[in-house]
Each structure stands twice: as C-alpha cells, then as structure tokens.
Amino acid sequence: MEVEAERKVELGRIKEVFSNAKAEMLFPPVQFELDYKLRIPVKVSKGTLYVNPYFLEKSPDPYRFLLWLMRHTLCHMHYCPYDAKTAYYLQRVAYRVLRDRRLAYMAVAIFSDLQVDCIYLKNRYGETPYHLVDALKRREPLGFEKLIYAVYKEFFPDLQYKPSDEELDILGRLLAEIFRPPRSWVSKVRAVASILLRAKRQGRKKLLKEPYRSPIGFGFIPLIEDAYPDSIRRISQVLGTIEDRKEAKVFYEMWIRPRSDEKRLKKALRKLDDKRKTREPTEETSVEDSRPGKTVAGKGLRRIRLPTELSKLLKGSALKDDDILWRRLWYRSRAENIIIAYLASRGEVKPTWAIASYPEEWYVEDDIEVLDLEASLDEGPLIPEVTTVKWHMRSVGKGLEVYTGFVPSVLVVLDSSYSMTRVFDKAATAAFIAYLSAKWAGGNTAVINFSAKHLVAGWDAEDELKEIVLSNRFGELTIMPTHSIAELLKELREPCFIVIITDGGWQNFKPALKDLERLGGKGYKITVFYIRDWKYPDEVKMLVKSPYITLYPVEDPVRDLEGLVLSETMGIYEGKLRPLTLAAG
C-alpha cells in the first residue's frame, strides 16, 4: 500500500501544498508528516499535520484535493470553532436544546463545517471547495450528510447533488438561510440542534443512525490547541473548569479521548509492576498485635480491626478502572487551575522577562530578528525552514530570580476507601494540589493510594504514574500502609512533608498511629486532613493528642478541603514556586 501511494503522489508536491496552505491561513508553524495508518486524509495532532497519501491517490486531482482539505482543517483551528473553550460553550448551547450530549457534539461539528465552507472559504476564495466536489464523486451522502449537502447546494449551485427527499430539500433551504450573515454563531448552533431534535422526535432513524462524516472525517473538530505538542494539557484546562462529574466525563469522551493515546497510558500502569518492591515491616514499622475479627463501633457499622501487614502492595496491571484515565486529567487540571488562580491573586505570576530556553526551527513567517545565524550555520548550509534556528523564549515571573535553596519533598497519602466515596473527587483534587505544589517548586514527590490494598509511585517514578495512582479509587476497607510510607522515607534520607487525606477510619488505627508518631519523632512533618464525613470520635481524639501530627478537621469537604490543602502547601512552597516551572507543566 505504501509503495503504491508513493508512486502516484510525490512527497515534494505534498510538502509544497502544505506550505501554501499554511501561508494562506496565516497559521502558526506546525510540523508535517506522512501517516499511512491514518483513517482520514488529513489530521492535526499535537503540533503535527498528518497526511495519508492513500486517500489522495483516489482523487482525480490529488494536490487540489489536499490543498482544500488543509484549508478546511486549518480554518477550523484559526476561525471556527477556534479553541476548546468556544467549542465547549457551543456544545452546551446545543445540549440545552437536545438534552443529548452525543447529538450536541454532532450539532457543533455540523455547524463548524458549514460555517467554514459556506462562509469563510466561500468569501475568501469565491469558488466551490474542491473537497466537497471530490467527496460527492466518491460516494453518495449517508444519514444526516444528505441534509448537509442540501445546505451546500444552496451556497454552491454547481455541486452535482439533488436531495432525494423533499423535506430534506426544504430543511436545507431553511438552514442555508439561517447560516447567511449576520446571524450569530449561537443562533446557528441552535438552528442545527433544533433540526436534529425534530429528526429525533419524528423517528428519522436513517438520518441519525449513520455517524456524521465531516469533509475531514467522522466529526473530528480541529482546535487551535491541536497546533501545540501539549494539546491535551491545553484542552484539559477547560476540563478543569467543569464541576459536575458526568459532564466532565462527557467532555473527555468528546474532546480529549479522540486525541489521546490510551494504549500508551495503559502500558504505563504496567510500569508500576516493574518498580514494585517487597516491603516487609521493619523495626520502624512494627505492627501491633491485633486479632482479626475483633470489632469496634463506626457509624452504624461493625468495623473490623486488622493488622498493617494485611495491606498488600497492588500491581498496577491489576487496575481495571477505565475511568482512571479521564479522572487523572480532570483532577490534575482542576488542581492546576486552583493553584494558578491563587498565585495570580497574590501577584505571583507577573511575566516581565523572557529567557531563551531551547532552540527550535525558524520559519519564513517568523521575524528576521529572532533568527540565530550562528546557531543556524552550525546546522549546515543556510536553508530556510531546514537548517534555520531560533530560540524559544519563555516568560519568567519576577524578573530572572531563581530559587536555589532547599525545597522539601512531599509524600502524598490518599485514602480511597469505601467511606471516602462521596467526597473522593474533592479529596483527589486536594491530593493533586499538594503534589503539584511540590513538583512546581522543584521538590521530590511520591504518592500512595490506599484502602485495604495500596498503590505506590516512588520518588523516581514517572509523573504520569504518580498521577494515575492518585486517581485510583479502591472503595474497600481502610488499612493505613505505614510500612510502605517508612520504606519510601528510608529511600529519601532527607526531611519530608507528609500529607495524609483521610476520614480516619483505619482498621489498623492504633499501630498505624504509633508508626506515624515514630516517623514524626524523626523530624518528618506530618499533616492529616481529617474529613468528617464518617464519625470516628475516638480516633480523632488520639490524633489531636499526638504531638507529632498536625490535624486539620474538615467539616465540609466539598467547600473547604481544597482550600485547606492549598493554604497548608502554599505555606511551605509558595516562596519557592517558579512560574518557569509552572509554565512548563
């Protein structure tokens, strides 16, 4: 397949078309790459525009077809819907009409294609977009595409298409009239959503059964964030503004999942197994002799006392929760937004200087002043966009000061037992706040997630592994894994800030408390955020009396937990947080 495509379509011509389209759209630099596995002709992802030549060779005029596809794709990114925030707002507008999130996304995809092709490209080039002509030659429109091409017919009379259904013809004319200026984007989205709702209520299954195929694929909507290597992180900033759990999951499914590599993330879970160590109780983590089966009271339940050694280290590959991947992005983005808002309110983020951080390619549309001739000549003969180099400039807050003193490490311990279920989203976000505060300040980080079993991501684990561990939810009994805490601290051999977020209902409370006090006596700062969702009065009294533990009772975790954790961690890391690190993520 690859050989046939290369025979009929020349790589040099493809690159030439790419450069022309990019210049026409006045677009920020993106890379170019061939991808023979791509399911659609053109796609921009993580700063690279991918082209599959296999689709081009089927066109009578492959280079013209490619040019219009690139125009269409890049126009989505710099004109409509532009960014994730705008696209999500339009989706919510459609949802208020449809009360169906899948159809609401479909409405935004249809609106975006019509707005790009019928308004922007038509006004700019004054001709029928060739990718529409080519698509009609390949196959007949299916499902809702029939209505879309009825609209296209109104704007481009030379299209060789006639609606087979009289009602579709009438709806196409009405919708075309609505799309003509000067109506707003919101009114157009509502109009598309209303037609989808009408089709749904009338049982027009043939219209709604087939997935909507835009000119560039199955309703994939390019965004300006796709022009950057960290596109998912940028889109996740919008995810972090969503409070409702179900809505956040739908946003992930619609806007982030098609752009993410979930197979790679699932492989990352298996890396936890590679870093797994056998952690036997040591003299630092002695276990008090307690007999399984002995019970104590606990909010209407008979709570079992269990020894610490029953808390086993779980293999990462044993995790079966598919939601862990989207929750990780949701918790992290919410925590990032909270920290950044706090720093902005304190006047900490004021970029006034820029520093050269790393070299990158210089393009002809860049300012000539930023071209580094010396560095470019080191690359070889001076060839624009091949050997030309400039320096990426990164803003730094408060001039060029860089903190060089000691930054405490943090060990975040998160309780994900059954009794934490109601408040777990808030607890996990708070755990991310503690973790990110230390990370952005330059400190070492490690995390533990525990219930009856526990997960550990140590000091040298990759960031995504730590974030996956913090996003896991066990929903079982509660055994504080103090033996694993002690092992992590033994590896570090330096002062450490230990943050524990829990409701205090540990089945091994007395031996765990002794272990924590022993660690506190060695100079480790231990802070427990006690969530008063389930009542454990005896345990709380013991924690309050401990001279080595700082206890913060959280009466209303939904309202107060994130703020309390932020306040405590900022007291340690605020002066050391660097916007340089923050910007790098």
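Student: In which loop is the place of Pro182?

Tutor: Before the answer, please keep in mind that this is a predicted model, in which local features need pLDDT of at least 70, side-chain atom pairs count only at pLDDT 80 or more, and totals for chains, interfaces and linings use all residues. Residues are numbered from 1 along each chain as its sequence is written, and side-chain values use heavy atoms, leaving out hydrogens and water.

Pro182 sits in the loop between helix H9 (166-179) and helix H10 (185-201), where helices (H or I, at least four residues) and strands (E, at least two) are DSSP runs, numbered from the N terminus. The peptide bond that leads from Pro181 into Pro182 is cis, and its omega is near 10 degrees.

Tyr82 counts as partly exposed because its relative accessibility is 38% (buried means under 20% relative accessible area, exposed over 50%, and partly exposed in between, with a 1.4 Å probe and protein chains only).

A positive phi, of about 50 degrees, is found at Lys46 too, although Lys46 is not a glycine. Lys46 lies in the loop between strand E2 (42-45) and strand E3 (48-51), and with a relative accessible area of 32% it is partly exposed.
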